[in-house]
Amino acid sequence: MSLIPTVVWMDEEKHIQGTMNYRERISREPRVCGGEPVIKSTRVTLRTLLASLSEGDSIEEILADHPTLTAEDIRAVIAFAADAAREYLGERAEPGGARSRSDHKR
């Protein structure tokens with residue numbers, strides 16, 4: 001079993017396209033942006049990119065605003081967020097975010 005975090009991603013037609021090892025593209029260093037996760041070799045934080053995505057910006061719009069980034073970088077951010085949500089919510093989370101009391105115990 002691999003301990004490297006990977007996320008399977010699909011295209012618009014729901015065809016599996018591959019897996020994303022987001023740690024290849026994301027770094028977190030105390031001296032860069034106060035230790036916030038950033039795209040490697042940049043000072044573009046995941047927080048900034050996730051905020052843009054949540055506001056409805058397309059990948060193309062984000063890339064236009066941050067020309068040093070690639071579409072793969074944005075997919076890595078999405079994969080990171082999906083993995084973080086899965087960890088936060090737990091694998092047994094019910095749709096809508098509701099969990100039973102027993103799920104809160106670890």
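Colleague: Before we start, what should I know about the model?

Modeller: It's predicted, so local features need pLDDT of at least 70 and side-chain atom pairs count only at pLDDT 80 or more, while totals for chains, interfaces and linings use all residues. Residues are numbered from 1 along each chain as its sequence is written, and side-chain values use heavy atoms, with hydrogens and water left out.

Colleague: How many residues does helix α3 have, and how far does it reach?

Modeller: Helices are DSSP runs of H or I with at least four residues, numbered from the N terminus. The expected span is 1.5 Å times one less than the number of residues. Helix α3 (residues 71-89) has 19 residues and reaches 27 Å from first to last C-alpha, close to the expected 27 Å. Just after α3, glycine 90 takes a positive phi of about 85°.

Colleague: At what angle do α1 and α3 pack?

Modeller: Two packed helices are described by the angle between their axes and the distance between the axes. Here the angle is about 90°, with the axes of α1 and α3 10 Å apart. Angles of 65 to 115 degrees count as roughly perpendicular, so α1 and α3 are roughly perpendicular.

Colleague: Which residues make that contact?

Modeller: Contact means heavy atoms within 4.5 Å. Leu46, Leu49, Leu50 and Leu53 of α1 meet Ile74, Val77, Ile78, Phe80 and Ala81 of α3.

Colleague: Which residues of α3 are buried?

Modeller: Buried means under 20% relative accessible area, using a 1.4 Å probe and protein chains only. In α3, Asp73, Ile74, Ala76, Val77, Ala79 and Asp83 are buried.

Definitions and conventions. Helices (H or I, at least four residues) and strands (E, at least two) are DSSP runs, numbered from the N terminus. Buried means under 20% relative accessible area, exposed over 50%, partly exposed in between (1.4 Å probe, protein chains only). Axes are lines fitted to C-alpha atoms, for helices over the stretch in contact, and angles run from 0 to 180 degrees between N-to-C directions. Angles under 35 degrees count as roughly parallel, over 145 as roughly antiparallel, 65 to 115 as roughly perpendicular and the rest as oblique.
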